[in-house]
Amino acid sequence: MAGCGEVKPLNPEEQSLVNAWKIGDSLQKAYARESVGGVMDLLAPPLSNRADTRIQLERLFGLFRKMDLTLVMDSGEVDETTHSVTFRAHWTMTGLPKTGSGPRYFQTGECRMVVLTRKSPAPARIESLTGDTFLSAPPKINPRP
């Protein structure tokens, strides 16, 4: 009972882990704003240095009037030697195409994200993304059988 009312500030290491986990919220907000810059700000090299990453995001956001990304991440595995956290995530992306009145775009996937933890208040950055990616535009937005 005595511990329930106690509020202690997080130490810098704990805060950096919280920032790493909150990267999912930041990504979702950047997708809702259709902000290429917002997504790029969350990426660390080598992802941020690849020219095709920016090009794919610009194409992706250019295809849709409205876009949403839902990202559900596990609690992550901390690697103290590399100062990173590896998350497994499930994601769903939906969008309303700008052209035509076709059905909504809907895609799901699973990925593994390695997020670099940096001393607070520096934000965390995604170093690598493997598996299904939400960083690229689909080849077709209304595939028909």
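How many residues lie between β2 and β3 in their hairpin? I looked this up first. The model is a predicted one, and in it four residues separate the two strands of the hairpin.

I find β2 at residues 77-79 and β3 at residues 84-97. The two run antiparallel and are joined by three bridges. Histidine 83 sits in the turn, and its phi is near 55 degrees, a positive value in a residue other than glycine. I noted this because most residues other than glycine have a negative phi. Histidine 83 is exposed, with a relative accessible area of 51%.

Entry on the other partners of β3. I see strand β1, residues 64-73, paired with β3 in the antiparallel sense over nine bridges. Here valine 72 stands opposite histidine 90. I then turned to strand β4, residues 105-116, which is joined to β3 by twelve bridges and also runs antiparallel to it. Threonine 86 has valine 114 in β4 as its bridge partner.

Entry on glutamate 34. I located this residue in the loop between α2 (23-32) and α3.

Entry on the prolines. I looked at the peptide bond from proline 45 to proline 46 and found it cis, with omega near 10 degrees. Most peptide bonds are trans. I place proline 46 in the loop between α3 (36-40) and α4 (51-63).

Definitions and conventions: Residues numbered from 1 in each chain as written. Predicted model: local features only at pLDDT ≥ 70, side-chain atom pairs only at ≥ 80, totals over all residues. Heavy atoms only, no water. Buried < 20%, exposed > 50% of the residue type's maximum accessible area, 1.4 Å probe, protein only. Pairing = 2+ DSSP bridges.
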